[in-house]
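Open the structure in your viewer and keep the selection tool at hand. The tour goes from one selection to the next and says what is there.

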Amino acid sequence: MASSDSELAPVLDKDGVRLTIDEAVATVTLTNPAKRNAQSPALWRALAESGQLLPGSVRVVVLRGEGKSFSAGLDRQAFTPEGFDGEPSFIDLARGDDGVLDATIAEYQEAFTWWRRSDVVSIAAVQGHAIGAGFQLALACDLRIAADDVQFAMRETSLGLVPDLTGTHPLVGLVGYARALEICATGRFVHADEAERVGLANLVVPVGQLDAAAQDLAAALISAPRDAVIETKALLQGATGRSFEEQRVAERAAQGRRLRDLAGLGD
C-alpha cells in the first residue's frame with residue numbers, strides 16, 4: 001500500500017463511511033470517532049454500497065475505524081421511539097408486517113455479507129471497543145488484526161435481542177459452539193490476549209502499529225497469484241460443509257483448473 005488513506009481521493013464518503021482505493025487494496029474507514037463509530041441503517045447502506053463500488057482490480061479490503069474505537073455498536077438512537085430521521089423505528093418495525101420486518105433486517109445484513117466474497121480477502125483492523133454490531137462487522141471479515149487494547153463483546157442478549165448481523169456463523173466457526181454461547185449470553189468483554197488465543201484475532205499488535213500491520217498483511221496477500229488465492233479461499237470456505245472425501249474431490253478439481261491455467265489451457 002503505497003499511499004495512506006488520507007492521501008487518496010475517496011470513491012465514497014458519506015454516512016460515516018469512506019472508501020478509498022490504492023491499486024489492489026481498498027480501505028473502508030468508519031469515520032465518526034466522536035460517536036465511537038456507532039452504526040445506523042444509513043451507515044449500513046453505505047457499507048453495502050462500498051462493496052458494490054469495488055473495481056475488479058481490488059484484491060484486498062482493509063476495514064478500519066477512526067479514533068479510539070473500531071465501533072461501539074448500534075447507535076442507541078435506534079432504541080428511542082423516534083429512531084433515526086427518515087427511517088422506520090424498531091418499534092414501528094416490530095408492530096408491522098412480518099415480511100417487511102424480515103426484508104428490513106435482510107437489507108441491514110447486506111452491509112455484513114460481501115466481505116467474504118471469493119474474489120477479495122478482507123482484513124478488519126480492530127482497536128478499542130468492538131461491541132455488538134461492531135463485533136459482528138469485525139467477524140464479517142476473513143481476517144482480524146487486533147490492537148492490544150481491543151475489547152470485543154456481543155451485548156445483544158443483554159438488550160433482549162440476538163446477534164442478527166451475520167455474526168453468529170463466523171463466531172461459532174472461530175471459537176466453537178460452547179465458547180460462542182458463553183460470549184453471547186454473558187455479553188462479557190473478550191480482551192486481546194484471549195482473542196488471539198481462541199482464534200478471534202489472527203494477530204495482536206500495539207495500537208500504534210495497527211494500521212502498519214494491516215498494510216503489511218495486505219501486501220503479503222497480494223504477493224501471491226490472484227487466482228490461486230481465490231481458489232484456495234473457496235476451498236477453505238467450503239471445507240466445513242463437505243465431507244473429507246468431498247473436500248478431496250474439490251481439491252482435485254481446483255488444482256486441475258490451476259494446472260490448466262498455468263499451462264495456458266484455461267478457459
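Which residues form one aromatic cluster with Tyr108? Select Trp44 and Phe112 along with Tyr108, and the cluster is on screen. Keep in mind that this is a predicted model.

**Aromatic rings**

A pair of aromatic rings is described by the distance of the centres and the angle of the planes. The count of aromatic pairs comes to four. For Trp44 and Phe112, the ring centres are 6.2 Å apart and the planes stand at 65°, so this pair is edge-to-face; planes over 60 degrees apart count as such. Now colour helix H1 (residues 41-53), where Trp44 lies, and helix H3 (residues 98-113), which holds Phe112; the pair therefore ties together parts that are 68 residues apart in sequence. Trp44 and Phe112 are both buried.

Next, select Trp114 and Trp115. These two make a stacked aromatic pair, with 3.9 Å from centre to centre and 25° between the planes. Both Trp114 and Trp115 are buried.

Move to strand S4 (residues 60-65). Is this strand mostly covered or mostly open? It is mostly covered, as six of its six residues are buried. In a regular strand the side chains alternate between the two faces of the sheet. On one side of S4 look for Val60, Val62 and Arg64, and on the other for Val61, Leu63 and Gly65; all are buried, and both faces of S4 are covered.

One place to check is Thr27, whose bridge partner in S4 is Val62.

**A three-strand sheet**

Select S6, S8 and S9, which form an open sheet in the order S6-S8-S9 with mixed pairing. Strand S6 (129-131) and strand S9 (190-191) are at the edges with a single partner strand each, so one side of each has no neighbour in the sheet. S8 and S9 run antiparallel and are joined by two bridges. To see a bridge, pick Gln151 and its partner in S9, His191.

Then show Arg155 and Phe189. Arg155 lies over the face of Phe189, at 4.6 Å from the ring centre.

**A surface patch**

For the last stop, switch to a surface view and select Phe79, Leu159 and Leu161. Together these residues make a nonpolar surface patch of about 250 Å². Where does Leu159 sit? Leu159 is in the loop between strand S8 (151-153) and helix H5 (168-175). Its relative accessible area is 42%, so Leu159 is partly exposed.

Methods: Residues numbered from 1 in each chain as written. Predicted model: local features only at pLDDT ≥ 70, side-chain atom pairs only at ≥ 80, totals over all residues. Heavy atoms only, no water. Patch = residues over 30% accessible without salt bridge, like charges linked within 9 Å, V, L, I, M, F, W, Y side chains within 5 Å. Areas by Shrake-Rupley, 256 points an atom, 1.4 Å probe, with all protein chains shown as cover. Salt bridge = Lys/Arg side-chain N within 4 Å of Asp/Glu carboxyl O. Helix = DSSP H or I, 4+ residues; strand = E, 2+ residues; numbered from the N terminus. Buried < 20%, exposed > 50% of the residue type's maximum accessible area, 1.4 Å probe, protein only. Phe/Tyr/Trp six-rings, centres within 6.5 Å; stacked < 30°, edge-to-face > 60°. Lys NZ or Arg CZ within 6 Å of the ring centre and 35° of its normal. Pairing = 2+ DSSP bridges.
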